[in-house]
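Thanks for taking a look at this one with me. Please have the sequence and the model open side by side as you read.

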Amino acid sequence: MPSTPDTSSSEGPTGRPMPKFGVPEILVDHGPARVVAVCNQKGGVGKTTTTINLGAALAEHGRRVLLVDMDPQGSLSVGLGLDAHNLETSIYDVLHGDTHVTDVLERTEVENMDVVPSNIVLSAAELQLVNEVAREQTLSRAIAPVLTDYDVVLIDYQPALGLLTVNALTASNSVLVPLECEYFALRGVALLQDTIAKVQERLNERLVLDGLLATRYDAQTIHRREVLHRLVEVFGDSVYHTVIPRTVRFPEATTGGVPIIDYAPRSPGARAYRQLALEVLARWDAE
């Protein structure tokens with residue numbers, strides 16, 4: 001049985017008692033996967049960083065993880081050391097129906113973690129999907145054959161409300177929202193909630209909010225502390241206890257093409273994503 005969080009510990013950066021999460025349950029059987037959209041309509045909030053590093057931290061706990069790059073910029077693919085510009089096949093070919101998803105899978109340097117890569121060719125999919133039947137379910141149909149092979153699928157996509165974004169939300173069980181600790185992030189959450197509600201009502205009734213993740217946090221900055229506390233006031237327990245700090249190690253790890261937990265395993269950023277993985281698993285176990 002998975003252990004329950006101990007909430008008797010000291011206050012965390014969110015102003016609430018920081019739980020101590022127990023060791024996750026060791027899985028004997030794997031799949032079917034929980035599909036999670038790492039979502040925010042605003043760019044530069046740490047979506048790709050979160051997808052890579054949460055995935056790697058979950059893989060450390062024995063979860064089989066698949067990352068899906070749905071961004072034509074291919075940032076996720078590049079962040080895992082792939083040459084996105086010279087891919088022979090990508091998620092575009094899978095969405096187009098020319099290629100089976102298993103033929104596009106790439107192994108990463110992280111044990112138990114694979115990726116479906118992307119590049120600029122994906123930008124053409126938006127227009128091509130318009131005339132497809134059940135176009136919003138294209139990604140869902142594409143990844144369905146491999147869901148039994150993984151425990152978690154994390155989808156990273158572009159900061160826009162186009163058809164690719166709707167596909168990602170329609171294919172997902174839940175949404176994890178990274179947001180930077182700054183004023184405009186608060187304004188964007190309401191719009192994002194409205195989008196999620198519309199997808200839930202019209203396309204995917206099982207879609208739920210996993211939580212809001214504060215990123216690029218600097219405790220020395222009064223504005224960021226105020227924004228974080230306001231976030232908790234408004235959204236309460238929907239905000240993760242874990243907060244991701246601002247650190248130069250993240251862009252360094254991206255340049256190196258590896259997760260921060262491998263590049264700088266003792267850094268505050270690595271510790272934060274390991275803690276986030278424990279918190280995420282605890283929340284899922286409690287459902």
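The numbered points below walk through confidence, cores, a contact site, an aromatic pair and the cysteines.

1. **Ground rules.** This is a predicted model, in which local features need pLDDT of at least 70 and side-chain atom pairs count only at pLDDT 80 or more, while totals for chains, interfaces and linings use all residues. Residues are numbered from 1 along each chain as its sequence is written, and side-chain values use heavy atoms, with hydrogens and water left out.

2. **Confidence.** The predictor's confidence in each residue is given as pLDDT, from 0 to 100. The chain has a mean pLDDT of 90, and 97% of its residues reach 70 or more. Helices (H or I, at least four residues) and strands (E, at least two) are DSSP runs, numbered from the N terminus.

3. **Nonpolar cores.** A nonpolar core is a set of buried Ala, Val, Leu, Ile, Met, Phe, Trp, Tyr and Cys residues joined through side-chain atoms within 4.5 Å; buried means under 20% relative accessible area, exposed over 50%, and partly exposed in between (1.4 Å probe, protein chains only). The largest core here has 44 residues, and V68, M70, I91, L139 and I155 have the most contacts inside it. Apart from it lies another core of 34 residues, among them A57, L67, L76 and W284.

4. **Around V68.** Contact means heavy atoms within 4.5 Å. Leaving aside residues up to four places away in sequence, V68 touches L76, I91, V116, L139, V153, L154, I155 and D156.

5. **T138.** Have a look at helix α5 (residues 138–143), where T138 sits. T138 is buried, with a relative accessible area of 7%. Not counting residues up to four places away in sequence, T138 touches L95, L129 and N167.

6. **An aromatic pair.** Rings of Phe, Tyr and Trp (its six-membered ring) pair if their centres lie within 6.5 Å; planes under 30 degrees apart count as stacked, over 60 as edge-to-face and the rest as tilted. A search of the whole structure finds 1 such pair. F250 and Y273 form it edge-to-face, 5.8 Å centre to centre with 85° between the planes. The pair links distant parts of the chain, with F250 in helix α9 (residues 249–256) and Y273 in helix α11 (residues 268–286), 23 residues apart. Both F250 and Y273 are buried.

7. **Cysteines.** C39 is buried, with a relative accessible area of 1%, and C181 is buried with a relative accessible area of 1%.
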